[in-house]
Amino acid sequence: PAVLTETLYMLHKQDDWPVKEIKIITTSHGADVINEALFSYGTKEKGGFYQLCEELKISPHDIDVQTGDNLVGVTGPDGKPLSDIRNSEDDERMATAIQHAVKQACANPERRVFGLLSGGRKTMSAHLMAAMQLFGRLHDRLIHVLVSEPFESIPDFFFPTSEKRLLNSPYSNHYADASKATIDLIDIPFIRLRSYLEHQINFSKSYLEITAEIDEKLSTAGSYPVQHLLIDLPDSSICVNGLSNRIAIEARPLSVFTLFAVLNRLHGKPREIAWGEVIQSYEYLSLLHLIYRTIKMGPQPSNPSEYQALNLKEFRNEDLWSHWSYWRDHEGRPCKNDFSTKRSQLLAAIRDGLHSLSLQVSSEHLLQINNTPNALATLHKVP
């Protein structure tokens, strides 16, 4: 129980205050021990929590904490509080309770969360750390408390007192002065996955559902060596796994590749698309033209002058690829075009560029093509 008062003492001393709420996750046996040691009141000696509040000159009512009958252990499958963690089923119930508590606490943007690893079974600390890694935010902390000898083995020690207080050690005939105790509050470094995954995964799901989705993403990433791809339109190039790994690609082939990548972003996931679908869509052709024009002439200013607007109009008129009639005759049948040539140039540029960079990446990692005799029906996908 003393790890709670020791931690509160150090947070107050380090000016990490106020502490507004304490969430205790324990068993029925743990609840009994905590109530007796920390929250007893009106007996010969007040519990350690109330002693600390008097020492720090704070009101115990300023901290929301479960005490007495409100402090209950995590329930087992029979609906009764667990008395201990003695098998995998008990551990699963405790893990779920810890995961839910951390998830709920970290969902409040107004609060900073401190996960305390001290106390309880080792598996409880392991589950707490795993939950903090998944749900913890950049300003949350994972901490562990250590107290100097012999005070960690003295049941009546709760914090270093300002005045001399002699405590009897049950393992020796000597007394120890509580005012001489020292406490270290250790910050445990942990990987905060939430900041990286929050825009990729729905964090309203359960812990097990989220971890399963992360496992799937990691297994996919393991077989997909392209971790970062930058398309630099003004420079007419792409960068694979770092800005120094640059591959130059001509404007028209690059506009094709960029269109497929942009459609991925618009749909939220990689998708297969036939070129025939592109040329039958005014929106897709307009987007393709905008990409091509940006590569050739740079981005359009937010407030173009009359000359610049005219220039854009003339550019669109000269860009045959932006016109549906270039791809189909008046009866809607495919016309001859140079798309297949530009696609071949794109593949050649990617392959030659990757070869010169000596990356463990193949062209299939950047562009997958399911060829058919009909060029317009061939499926393309940027993974």
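The exercises below walk through this predicted model.

**Exercise 1. Helix 3 and its cover**

Task: Find how many residues of helix 3 are buried, and work out what covers them.

Solution: 
- Step 1. Go to helix 3, which spans residues 48-56. Of its 9 residues, 7 are buried, and the helix is mostly covered.
- Step 2. Pick out the buried residues: Gly-48, Phe-49, Tyr-50, Gln-51, Leu-52, Cys-53 and Leu-56.
- Step 3. Take Cys-53 as a worked case. Its relative accessible area is 3%, and the cut-off for buried is under 20%, so Cys-53 counts as buried.
- Step 4. Look for the cover. Helix 1, strand 1, helix 2 and strand 2 (64-65) are included in it.
- Step 5. Lys-57 follows helix 3 and has a positive phi, near 60 degrees.

**Exercise 2. Two helix pairs**

Task: Decide how helix 1 lies against helix 3, and how helix 8 lies against helix 10: roughly parallel or oblique?

Solution: 
- Step 1. Recall what is needed. A packed pair of helices is described by the angle between the axes and the distance between the axes.
- Step 2. Start with helix 1 (residues 2-13) and helix 3. Their axes cross at roughly 15 degrees and come within 10 Å.
- Step 3. Apply the cut-off: angles under 35 degrees count as roughly parallel. Helix 1 and helix 3 are therefore roughly parallel to each other, and their crossing is right-handed.
- Step 4. Find the residues that meet. Helix 1 brings Thr-5, Leu-8, Tyr-9 and His-12, while helix 3 brings Gly-48, Phe-49, Leu-52 and Leu-56.
- Step 5. Turn to helix 8 (residues 251-267) and helix 10 (residues 282-297). They pack at about 125 degrees, and their axes are 9 Å apart.
- Step 6. Check the contact residues. On the helix 8 side they include Leu-259, Val-262 and Leu-263, and on the helix 10 side they include Leu-288, Ile-291 and Ile-295.

**Exercise 3. Ser-40 in its loop**

Task: Describe where Ser-40 sits and which residues it is in contact with.

Solution: 
- Step 1. Ser-40 belongs to the loop between helix 2 (28-38) and helix 3.
- Step 2. With a relative accessible area of 18%, Ser-40 is buried, since the cut-off is under 20%.
- Step 3. Look at the polar side of the picture. A polar atom of the Ser-40 side chain lies 3.2 Å from the backbone oxygen of Glu-36.
- Step 4. List the contacts, leaving aside neighbours within four places in sequence. Ser-40 is in contact with Asn-35, Glu-45, Lys-46, Gly-47 and Tyr-50.

**Exercise 4. Ala-349**

Task: Say which helix holds Ala-349 and which residues it touches.

Solution: 
- Step 1. Ala-349 is part of helix 13 (residues 339-357).
- Step 2. Its relative accessible area is 19%, so Ala-349 is buried.
- Step 3. Not counting residues up to four places away in sequence, Ala-349 touches Ile-247, Ala-248 and Ile-249.
- Step 4. Compare chain and space for one more residue. Ser-363 is 14 residues from Ala-349 along the chain, and their C-alpha atoms are separated by 9.5 Å.

**Exercise 5. Backbone details and cysteines**

Solution: 
- Step 1. Pro-18 lies in the loop between helix 1 and strand 1.
- Step 2. Asp-15 counts as exposed, at 62% relative accessibility.
- Step 3. Asn-241 is partly exposed, with a relative accessible area of 29%.
- Step 4. Cys-239 counts as buried at 0% relative accessibility, and a search of the whole structure finds 0 disulfides.

Key:
Residues are numbered from 1 along each chain as its sequence is written. This is a predicted model: local features need pLDDT of at least 70, side-chain atom pairs count only at pLDDT 80 or more; totals for chains, interfaces and linings use all residues. Side-chain values use heavy atoms; hydrogens and water are left out. Helices (H or I, at least four residues) and strands (E, at least two) are DSSP runs, numbered from the N terminus. Buried means under 20% relative accessible area, exposed over 50%, partly exposed in between (1.4 Å probe, protein chains only). Contact means heavy atoms within 4.5 Å. A disulfide is a pair of cysteine sulfur atoms within 2.5 Å. A polar contact is a pair of N or O atoms within 3.5 Å; within protein, one must be able to donate a hydrogen and the other to accept it, and residues adjacent in sequence count only if both atoms are side-chain atoms. Axes are lines fitted to C-alpha atoms, for helices over the stretch in contact, and angles run from 0 to 180 degrees between N-to-C directions. Angles under 35 degrees count as roughly parallel, over 145 as roughly antiparallel, 65 to 115 as roughly perpendicular and the rest as oblique. A crossing is left-handed if the near helix is turned anticlockwise from the far one by less than a right angle, and right-handed if clockwise.
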